[in-house]
Amino acid sequence: MSPRTRPDTPTSSFLAGGPKNLLIGGRWVAAASGKTFPSVNPSTGEVIAELAEADTRDVDHAVAAARAAFNGPWRRMAPRERQRLLWALADAVQADYEELRLLEVLDMGSPIGRRRTKPAPAWEAEVLRYFAGWATKIHGETIPNSIPGSVLSYTLKEPVGVVAAIVPWNRPISNAIWKIAPALAAGCTVVLKPSEEASLPALRLGELIGEAGFPDGVVNIVTGYGDPVGAALAEHRGVDKVAFTGSTATGQSIVRAAAGNLKRMSLELGGKSPDIVFADADLAKAVPGAAMGVFSNSGQICCAGTRIYVERPIHDEFVAAVAEFAGNLKVGDSLDPETRIGPVVSARQLARVTDYLAVGREEGAHTAAGGHRIETGDLARGYFVAPTVLTDVRDDMRVAREEIFGPVACVLPFDTLEEVAARSNDTDFGLSGGVWTRDVGKAHRIAQELQAGTVWVNTMLLFDPAVPFGGYKASGWGREMGEHSLDEYLNVKSVWIDTA
């Protein structure tokens, strides 16, 4: 019996009916090929929906629809009208949030209780409201120049054009809105390509966009596989910008594909973030904070603090405490409100994580907690990995250098601030970092030393619509959220006028 028909679990009305189609030019249409592909509940391994499998023909149609909307009603719309529509979408997301979250839970395994502890139940609605405010505040500037005579110089900020937003599966609602909101506020139109592993929340968001009153073609949604759909969007000469979140390897492929028309790029890519625990840290906060900085969302977070560096005097105490914490976390079906750790997203991701666990053992790491797939009872049907703490890890081990994207923490001792800063920065990545200390001077010093786009001190994984997020080095280009993210969707034009 499927999750939507079990009497003891929530149901989703969105899952009723036939296959879920593509949104192109304001219409829900089947893929040109007529093909579909399954969406699987990772808690049970059951198929919950069939989705249209787009190909390059559908990409062409979606890009054409976005271009027509950009050249037509969207570009002519006053900023206050774009603002009004973004506010309407925010209200729709707020009202529909339980449905959106349920789809996220069923589609990729995020525990249903995970966000119920947060003050704002629809954080994504706040992102839309934040960027709605910016829609009426985008402007150029007059610039004094040194040209003789009466010459005026000023700038205009104009939307880039058609944006291909290619997003991953680990935070389906957030990832889509983080890109759609600033793009629409800037006056761009969008072709959204959600991950094949978790497309249902994006499709429901597409329905809400229509209900909010956006003109046809302003947002288009094409579901399918990275090749051909994502690749076709990256190469497409009708696309002016690609906004991508995903692995560094895929980001590099997109950069190469986008070279044809030198389209604009923003990339939020992988990470292998350090989380540094000094001996003076408040362990009552640091242990659960560092642990959930890895295990939250089953470790499927690009900025997870998976390299936990612990100052040597408290190393053994910390390992024992974090291993006990990991062992007490409830792992279970993502629909269970008591579940803290759900499944990884797919059988493929399960194989990836368990392969890394084997590699870690082969390289000499030892397991203080977890270290295995859970195959008992009902959980044997799904893709569950026990929260894992690895010790005796060296910096040169693959488990300490490569992004696992699962609930796996590597704990490593250190002796000095200078040493841990150097070791933390000895990575291709630079997305984020964490610090736990009672010494505010030490916190400021290490925050400045870390080569990372975000540093959390005595906390982890906090986000706000006004605060930029993005990486250094191989963790990406550009920023999400905040005023800085708007620049990713705007061109700057200089205008010279001889007024004589």
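I began with Ile147, which counts as partly exposed at 42% relative accessibility. The model is predicted, and I kept that in mind for each entry. I placed Ile147 in the loop between helix H4 (123-134) and strand E5 (151-159). I then took a distance from Ile147 to Gly251, 104 residues apart along the chain, and got 43 Å between their C-alpha atoms.

Domains next. For the contacts between them, I found 28 residues of domain 1 touching 30 residues of domain 2.

I then looked up the nonpolar cores. The largest has 110 residues, and those with the most contacts inside it are Val93, Phe214, Val277, Phe295 and Phe318. Helix H5 (residues 172-186) contributes the most to this core, namely 10 residues. Both domain 1 (13-269 + 478-493) and domain 2 (274-464) give residues to the core, so it lies between them. I also listed a second, separate core of 28 residues, with Val242, Phe244, Ile254 and Met265 among its members.

I went back to Val277 for its surroundings. Neighbours within four places in sequence left aside, Val277 is in contact with Leu283, Ala286, Ile308, Tyr309, Val310, Glu311, Ile314, Phe318, Phe414 and Trp436.

Which residue carries the UniProt feature "active site"? The unreviewed UniProt entry puts that feature at Glu268. I located Glu268 in strand E10 (residues 264-268). Is Glu268 buried or exposed? I noted a relative accessible area of 5%; buried means under 20%, so Glu268 is buried. Leaving aside neighbours within four places in sequence, I found Glu268 in contact with Phe244, Thr245, Gly246, Cys302, Leu431, Phe469, Ser475 and Glu480.

Last, the largest pocket. I recorded a volume of about 1100 Å³ for it. Its lining comprises 49 residues, and Trp169, Phe244, Gly246, Ser247 and Thr250 lie nearest its centre. I checked which elements supply at least two residues each to the lining; among them are H5, helix H7 (226-235), strand E9 (241-245), helix H8 (248-257) and helix H11 (347-363).

Terms used. Residues are numbered from 1 along each chain as its sequence is written. This is a predicted model: local features need pLDDT of at least 70, side-chain atom pairs count only at pLDDT 80 or more; totals for chains, interfaces and linings use all residues. Side-chain values use heavy atoms; hydrogens and water are left out. A nonpolar core is a set of buried Ala, Val, Leu, Ile, Met, Phe, Trp, Tyr and Cys residues joined through side-chain atoms within 4.5 Å. Buried means under 20% relative accessible area, exposed over 50%, partly exposed in between (1.4 Å probe, protein chains only). Helices (H or I, at least four residues) and strands (E, at least two) are DSSP runs, numbered from the N terminus. Domain bounds come from an automatic or database domain assignment. Contact means heavy atoms within 4.5 Å. UniProt positions are given in the numbering used here, feature names are shortened, and annotations may be inferred rather than shown by experiment. On a 1 Å grid over the protein atoms alone, a cavity is a set of points where a 1.4 Å probe fits but cannot get out, and a pocket is an open set with protein on both sides within 12 Å along at least five of seven lines; lining residues have an atom within 4 Å of a point. Grid points are joined across faces, edges and corners, and a volume is the space filled by probe spheres set on the points.
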